[in-house]
Amino acid sequence: MENDVSASPQAMGIADEAIEIAIYSPTQAACGALLGGPIGLIYFLMANFGALENDNARRKTLYSGIVLIIAQLFLLPILPENFPSTPFAVVYIITARMIAEKYQLTKSDIADSEQYRFHSNWKVFGLSLLCLLGSMAVIMIPLAVLDMLGVVAL
């Protein structure tokens, strides 16, 4: 039992109070949304709601994120060709930060808590890059298919 990494904390003699739950700060969520695009926005907010055991908000985040991506897919083809991507990034950052601060935990709440701890910034960076790949696939593949079908011109 001493070396059994699959054993529960209680079986190993660790009290429930000693276990800290990792959560993303509002800044980490905003950085994840900046680097990871819409998938990053959805992922980091959903992960926090999951850590906070708020399944209803987690589901709402997923559904709202899907609607956001679909709306973006309809909006992108009608924007001017040289339209900057900065406004999209700003919306992702502001949305992630505001939701994390209002409905999740602030940085000081996490720092002062014995129950929660911050995720590593390196983890945020790595997951953001994976989310970026997901965002590119979710947005570019449908647009490329529509372009091939002649529905939109990229």
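## Contacts and overall fold

Of the contacts in the protein with a separation of 6 or more, 73% join residues 24 or more positions apart, where contact means heavy atoms within 4.5 Å. This is a predicted model, in which local features need pLDDT of at least 70, side-chain atom pairs count only at pLDDT 80 or more, and totals for chains, interfaces and linings use all residues. Residues are numbered from 1 along each chain as its sequence is written, and side-chain values use heavy atoms, with hydrogens and water left out.

The protein has five helices and two strands. These elements are DSSP runs numbered from the N terminus, helices being H or I with at least four residues and strands being E with at least two. Along the sequence, their pattern is β-α-α-α-α-β-α. Of the 154 residues, 31% count as buried; buried means under 20% relative accessible area, exposed means over 50%, and partly exposed lies in between, with a 1.4 Å probe and protein chains only.

Ile93 is found in helix 3. Ile93 and Cys31 are 62 residues apart in sequence, yet their C-alpha atoms are 7.0 Å apart in space. Leaving aside neighbours within four places in sequence, Ile93 is in contact with Ala30, Ala33 and Leu34. Ile93 counts as partly exposed because its relative accessibility is 27%.

## Two buried serines

Ser25 is placed in the loop between strand 1 (21-23) and helix 1 (26-51). Its relative accessibility is 6%, so Ser25 counts as buried. Apart from neighbours within four places in sequence, Ser25 is in contact with Ile110 and Phe118.

Ser135 lies in helix 5, residues 121-148. With 5% relative accessibility, Ser135 also counts as buried. Which residues does Ser135 contact, leaving aside its neighbours within four places in sequence? They are Gly36, Gly37, Pro38, Ile39 and Gly40. The side chain of Ser135 reaches the backbone nitrogen of Ile39 at 3.0 Å. This is a polar contact, defined as a pair of N or O atoms within 3.5 Å; within protein, one must be able to donate a hydrogen and the other to accept it, and residues adjacent in sequence count only if both atoms are side-chain atoms.

## Aromatic pairs

Rings of Phe, Tyr and Trp (its six-membered ring) pair if their centres lie within 6.5 Å; planes under 30 degrees apart count as stacked, over 60 as edge-to-face and the rest as tilted. By this rule there are five aromatic pairs. One of them is the edge-to-face pair of Tyr24 and Tyr43, at 6.4 Å centre to centre and with 65° between the planes. Tyr24 lies in the loop between strand 1 and helix 1 and Tyr43 in helix 1, so this pair ties together parts that are 19 residues apart in sequence.

Tyr43 also forms an edge-to-face pair with Phe44, at 5.1 Å centre to centre and with 80° between the planes. Together, Tyr24, Tyr43 and Phe44 form one aromatic cluster. Are these residues buried or exposed, by relative accessibility? Tyr24 counts as buried at 1%, and Phe44 counts as buried at 0%, whereas Tyr43 counts as partly exposed at 32%.

Rolling a probe the size of a water molecule over the atoms shows where empty space is left. On a 1 Å grid over the protein atoms alone, a cavity is a set of points where a 1.4 Å probe fits but cannot get out, and a pocket is an open set with protein on both sides within 12 Å along at least five of seven lines; lining residues have an atom within 4 Å of a point. Grid points are joined across faces, edges and corners, and a volume is the space filled by probe spheres set on the points.

The largest pocket has a volume of about 610 Å³. Of the 26 residues that line the largest pocket, the closest to its centre are Leu76, Phe88, Ile139, Met140 and Leu143. Helix 1, helix 3 (86-103) and helix 5 are the elements that give two or more residues to this lining. By class, the lining has 20 nonpolar, five polar and one charged residues; Ala, Val, Leu, Ile, Met, Phe, Trp, Tyr, Cys and Pro count as nonpolar, Asp, Glu, Lys and Arg as charged, and the others, Gly among them, as polar.
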